[in-house]
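Here is a walk through one structure, strand by strand and contact by contact. Have the sequence and the model open while you read.

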Amino acid sequence: MKKKNALKRIAAGLLTAVLMLAMLSCGGTGDAETTADTTAGTEADPATDPATAPETVEEETTVEEETMTPEPEPADGLFDSVVCLKGFLKSQNESYMTTEQCDLIWNEDGTLTMKGTWKEGKEFSPALTVSYAKMVKSCCSDYTDTDSLPNAAGLAGDPYRALVFTVRSDKSIAGDTNLYITSGKRNAGEGIALPLVDSVGSGDREYLVYDISGQDFTRDYINKIKFTWAWGIGSADNLGASVTVESIEFFHTFDEVWAAKGTAPQQPADLSGEKLGMSADMLDDLVQDVFSGGLVRNETVMFIDPGDEKALLYKIDEVLSVTNYDNTKTYVEGKDYAVRDGKLVALEGGRLPLITAARYYNVGSDSILMTEYQGKSVYTHWGEGRAMTDWQVNVTYTHSDTWDGFRTPCRQSVYTQFLDKLKNGEDVTIIFYGDSCTYGAASSFAYGYAPHQKSYAMLFTETLAKLYDGSVHYITLSKPDTCYVPREDVVYGSGSRITFINPSVGGWTSADGVTNFSSYLAPYIRQYGCDLFVLDLGGNDGSAPAENTRRNDEKIMDSVLELAPDTSAIIMTTLLNNVEATNGWAGGEYMQEPLLVKCAEQYRRRGVPCACCQFNGTHRALLQKINYRDVSGNNVNHPNDFLCRVYAGTLIQTVLGYENFD
């Protein structure tokens, strides 16, 4: 609110107050000046006759104007415009904020401090969660409905693209500042942290800049913003450490952000490597890149009722084949299906497998899955084995449009040491360590039915053997709950012999991976060594803080490096559980990826060849195009054969890079 005690009788004084307030308002570039312009200050009072007014009165008025400084406005917890919330007030802002392991301190200067409440020796991961729509509704008087949210049509009719948290740390803390932005189908916004001088921990400002436009927010709203700022085990060094939020701002473009903050993001190091000198034709059809070219092979889709129209990853130009899941039946265009506006349609009276809504929804209460149907949460079809895949069909088609979503970046140069061993024909050992997806669920090979396609771990390993003219030697493990492997070696040539070891167990959390390390993993490293270690845990950690997964992954990684210090490593992010589930399956898996990317970066700084394979981001991007049931093997938390191929492809992209093939 503007102060009402400005000197109305003196025009120059009024002008000075306005100028000062403008410079102090949100988005200003500097501090208000403390003295007025002396020329303006000598203007006569209109009520005074300039010919007769005593000179001393004019001088006294000038002195009074020059020494008067407007008081700072009190924090009101409101947006002074849509672009900036600067000044937090408990009575205005607390209603849409929740905290974990921290207290909120509402400072007199309008900033908001989060002070940790963890205990020494205990795990901690404090966080502040903000309900996005409630924040805008509470803080902006121009809000009417979701169309007026900053990332939607916007209060000014022009969507805002960038969300910026300005924070500073009052004390060095263990961990990183992170922002998670949740939308529609559990999508996390991609963001960057920009320290103005130094990283959080020094007391300098840090800007957390996130993109709130594009595919992650196609439903034109954001559910919540979760800000985390520390993690680890409580100790005397970090007990009570705090972080202060100075402002929350929106910008139309990132260039506006860089201009306002006087900084810009550093370009990441190019880790994409070099050309492999190999033709893409060497790749098996099962691991061809689905994100480039104009052909997709055997993409799966699941219809519910006759007349259903389904979008695929791309807009169909021409269908080359539609078959059942095991490729024993072929369906006919015009009789069983049609193509309409680039989508596939299940025709009335056709032979496509249709589960029907009556069978898919409102199943028995023994189902472990519930989704929303006709405005209600109902028990929904799920199941292992062929329970889902009997209702899925394979579609091979051509397309002209290109992929516009996320895909994991190439990190080939990180793996030069490992790839050189393959080039030189040296024998190597690859060890996978994870949960059910790494075990092999729900590949048809693992469950013993046609088409018997292998798991993503096997597809990736056999691809390396084929490209480098080698072989794969599968080790059968003594643990009964680990995966089944082929009884015979797969041989392509006389090059490297790749020993494949996979002590992964379905249902494991990342904590289980730590607990069982000495019995499930360490003996095999001691016996066979380890040249490439692939860690894929976190799919069962959705109800735990993402920091727990990172902390447990680091424990496992450090233990592996003690036994095999020269190993190369891949930290994978997990797939999403069913994002349509209403009974708890959809958790916080999406929040692990930013932390695991940072985790891999830290290992690289230590000289460990390590990168993050971002399958979670890839899966999120897929689900912007298709339904979860189209590519799931159980409709809850397992990939089907098609998604297993995409899984393997993300590893190939990470280690080799599809763009590096001729």
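K310 sits across from L344 in β19. That contact belongs to the antiparallel pairing of β16 and β19, which runs over 2 bridges; strands count as paired if DSSP finds at least two bridges between them. The sheet itself is open and antiparallel, with 3 strands in the order β16-β19-β18. β16 (309-310) and β18 (337-340) are the edge strands with a single partner strand each, so one side of each has no neighbour in the sheet.

A word on how to read all this: the model is predicted, so local features need pLDDT of at least 70 and side-chain atom pairs count only at pLDDT 80 or more, while totals for chains, interfaces and linings use all residues. Residues are numbered from 1 along each chain as its sequence is written, and side-chain values use heavy atoms, with hydrogens and water left out. Element names follow DSSP runs numbered from the N terminus: helices are H or I with at least four residues, strands are E with at least two.

## Covered strands and a covered helix

Strand β26 (residues 497-501) has parallel partners in β23 and β24. With β23 (residues 428-434) it pairs over 4 bridges, and I431 stands opposite I501 there. With β24 (residues 471-474) there are also 4 bridges, and here Y474 faces F500. In β26, 4 of the 5 residues are buried, where buried means under 20% relative accessible area, exposed over 50%, and partly exposed in between (1.4 Å probe, protein chains only).

Which residues cover the two faces of β28? S568, I570 and M572 lie on one side, A569 and I571 on the other, and all are buried. With 5 of its 5 residues buried, β28 (residues 568-572) is largely enclosed by the rest of the structure. Its parallel pairing with β27 (residues 532-536) has 4 bridges, and F533 has A569 as its bridge partner. Helix α17 (residues 615-622) is mostly covered too, with 8 of its 8 residues buried; among them are H619 and R620.

## Salt bridges

The whole structure holds 19 salt bridges, each being a side-chain nitrogen of Lys or Arg within 4 Å of a carboxyl oxygen of Asp or Glu. One of them joins K625 and D404, with the closest N and O atoms 2.9 Å apart. It ties together distant parts of the chain, 221 residues apart: K625 is in the loop between α17 and α18 (641-655), and D404 is in the loop between β22 (392-398) and α9 (416-423). K625 is partly exposed at 27%, and D404 is exposed at 51%.

D531 and K421 meet at 2.7 Å, N to O. This pair also links distant parts of the chain, 110 residues apart, with D531 in the loop between α14 (517-528) and β27, and K421 in helix α9. D531 is buried at 14% relative accessibility, and K421 is buried at 18%.

R550 and E554 make a bridge at 3.4 Å. Both lie in helix α15 (residues 546-563), 4 residues apart, about one turn of the helix, and both are buried.

Most residues other than glycine have a negative phi, and most peptide bonds are trans. Where does this model depart from that? A441 and A442 are joined by a cis peptide bond, with omega about 0°, and A442 is in the loop between α10 (436-439) and α11 (444-447). A450 to P451 is cis as well, with omega near 10°; P451 is in the loop between α11 and α12 (456-467).

T356 has a positive phi, near 70°. It lies in the loop between β19 (343-346) and α7 (357-360) and is partly exposed at 31%. N362 has a phi near 60°, also positive. N362 is in the loop between α7 and β20 (370-373) and is exposed at 52%.

K598 is in helix α16 (residues 592-605) and is partly exposed at 22%.
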